[in-house]
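Open the structure in your viewer and keep the selection tool at hand. The stops below say what to select next and what is there.

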Amino acid sequence: MKHRRTPTTPSTRRRRLPLIRIVGGGLFLCGCLFVAVRVLASPTGVIDAGLKQCRSAVSEARAHGASTYAPEQLAAAAAAYEQAMSAWQRQNRRSFLVRDLDSVRIRASQGAALALEAVSRAVAVCDSLKKSAHVNIAIASQSVEDIRDQFGNLAMSTAWRRRLVESELLLSQARAALQRADYLVASRKLDRVIALSSQIDNEASTRIQRYLASKPLWIQWSDETVAWSRSHNDVAVIVDKMARTCRVYSAGRLSCEFAAEFGPNWMSHKLRQGDDATPEGRYRVSARKGAGQTVYYRALAIDYPNERDRTLFRAAQKEGRIPSGARIGGLIEIHGGGGKACDWTNGCVALSNADMERLYRMARAGTPVTIVGTSGKP
Amino acid sequence: MKFKALVSVAAVAASMGVFTGCAKAPTADIDAAKKAIETAKTAQADQYAAASYQSADDTLKAALAEVEKQNAAMALSRNYTEASRLLKVAATLSAKSEADAASGKEAMKAEIESSVTATKSALQAAKDLLKKAPKGKEGKEALQAMEAELSTVDASLVQADADVAAANYVAAKDKLTAAQGKIQQITDELNKAIEKTGGKKK
């Protein structure tokens, strides 16, 4: 037998209605409570404070010159801030019931930490560059001054001279940068000055070493010349290019010493006509030119080129070191007109007129004249 | 019955209002402020008006953070007044930094161009003086040396021109000042040499 559903009567419905209301109201209250807890517990204030701290830290890093002295750290801090902001924007588009703001907080915190790191690094790098710039400007200034003083006497090549001027210009620019506290620019320019100076120094040292390779031969020539003067009880002349002197020996003893000037290319041995080099070798006075016979007050011509010079000339031509049509040259003299404090002759040895007068009186045709790169004596 | 239905509908609408909110983010102000800062950056305000540009950028960042702070709040409690104010300030500061940059650049450019003209004139004068220097054997090496030095200074001025073209006025100024010093030094040496031989100083 089937049970028949009891039809709902008005009294039955009246008993069910309060129950529905109670359950519905309870659910509503729970929902409101949940929302209230979610809202009150929201870390918006914390996030905002964290981002503000990160922004301030990045600004402080910039104020300490991090864009110059710690650019990578500053960029990382700025990127962390932007990532935090992007994450916050993404979370704000979601329902507040499901937002996750931990990633925002973490990125903001990382950004602030990176910015502090940028400040530390910027201060340290700036301080270090400032100290090294002050030290290096003194070193660079001294290097450049030394090159001007010392190598100015070494027949400076055009390439050296250009590098030296470039160094001087960079040094001036470095001083200007240092004055406006731009330590990075100052350091870079000073590094370049020191590098150029070092390059000139190395090249000059190499050149001097090559020059001094013949020193033993020159010392031998000098000693033999002095010995000849002693044994013949006669006058002999030794010209020392590096010492810039013209020494007169009489009976093997130093009689007098004069300051001498040479050709601009004095560090080279004369190979050909027009090379402005003063030759090295053992020569003799071939002619004496008195007043009216020379434009240089008085002159003693020497017998350049000798056999050794001719041999060297032929070898240089064969090796292509001088043009095939070049001439060996001649007319090398010791003459007056000097005292100009520079190397100006075409290869001759120049003395002041007063000194030339004295030498002219002492020397005669056949007097040995030995020209050396250095005699080893100062 | 009908009254109850109406009350129910009103309650639902009010609930929807609570959750969807009434205040809107100031997107027009955001766009205007962002555009202003980009324009200032294009005008090199970050180089020529660094302080005012940075102030504008910081204000914009603060404004955008304020917008998000309000976006995070409950709909009924959102208030974008402060954000709008900050955005307008950021736009104003950006415009100021752009104007500062323009006037700063113009002033520096005028100063540098004047310096370029003066330095090139001095260099040409030194070259002309070199031609008039005594040509004797004793001066030959010294003249060749000065010629090489002036040539190096000339090369430095070419670099300065490149800096001016790239609007690197600080670098250009340093090069010009250094060149002027060197030119003066060479000119003084030339004048001494000319005076020594009895010529007239220039």
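Start with chain B. Among its contacts between residues at least 6 apart in sequence, 75% join residues at least 24 apart; two residues are in contact if their C-beta atoms, placed from the backbone, lie within 7 Å. This is a predicted model, in which local features need pLDDT of at least 70 and side-chain atom pairs count only at pLDDT 80 or more, while totals for chains, interfaces and linings use all residues. Residues are numbered from 1 along each chain as its sequence is written, and chains are lettered from A and ligands numbered from 1 in the order in which they are written.

Colour chain B by secondary structure. You will find 7 helices and 0 strands. Helices (H or I, at least four residues) and strands (E, at least two) are DSSP runs, numbered from the N terminus. Of the 202 residues in chain B, 34% are buried. A residue is buried if 20 or more other C-beta atoms lie within 10 Å of its own, exposed if 12 or fewer, and partly exposed in between, with C-beta atoms placed from the backbone.

Now show both chains. The contact between them takes 30 residues from chain B and 29 residues from chain A. On the chain B side, helix 4 (50-72), helix 6 (137-165) and helix 7 (169-196) each give two or more residues. Which helix of chain B gives the most to this side? Select helix 6 of chain B: its share is 11 residues. The chain B side divides into 12 nonpolar, 6 polar and 12 charged residues. Here Ala, Val, Leu, Ile, Met, Phe, Trp, Tyr, Cys and Pro count as nonpolar, Asp, Glu, Lys and Arg as charged, and the others, Gly among them, as polar.

Move to chain A, which is divided into domain 1 (44-214) and domain 2 (233-372); these bounds come from an automatic or database domain assignment. The domain centres, taken over C-alpha atoms, are 56 Å apart. The contact between the domains takes 4 residues from domain 1 of chain A and 4 residues from domain 2 of chain A.

Select residues 183-211 of chain A, which form helix 7. Its buried residues include A:Tyr183, A:Leu190 and A:Ile200. Among the elements that cover the buried residues of helix 7 of chain A are helix 5 (102-151) and helix 6 (158-179) of chain A.

Next, find the open sheet of chain A. It has 8 strands in the order 3-2-1-8-4-5-6-7, with mixed pairing; two strands pair if DSSP finds at least two bridges between them. Strand 3 (253-259) and strand 7 (349-350) of chain A are the edge strands, each pairing on one side only.

Select strand 8 (residues 368-372) of chain A. Because 5 of its 5 residues are buried, strand 8 of chain A is largely enclosed by the rest of the structure. A:Pro368, A:Thr370 and A:Val372 point one way from strand 8 of chain A, and A:Val369 and A:Ile371 the other way. Strand 8 of chain A runs parallel to strand 1 of chain A, joined by 4 bridges; A:Val237 has A:Val369 as its bridge partner. With strand 4 of chain A, strand 8 of chain A pairs in the antiparallel sense over 4 bridges, and A:Arg282 stands opposite A:Thr370.

Last, select strand 5 (residues 299-302) and strand 6 (residues 333-335) of chain A. They run antiparallel and are joined by 3 bridges; one of the bridge partners is A:His335, facing A:Ala299.

Methods:
Expected span 1.5 Å × (residues − 1).
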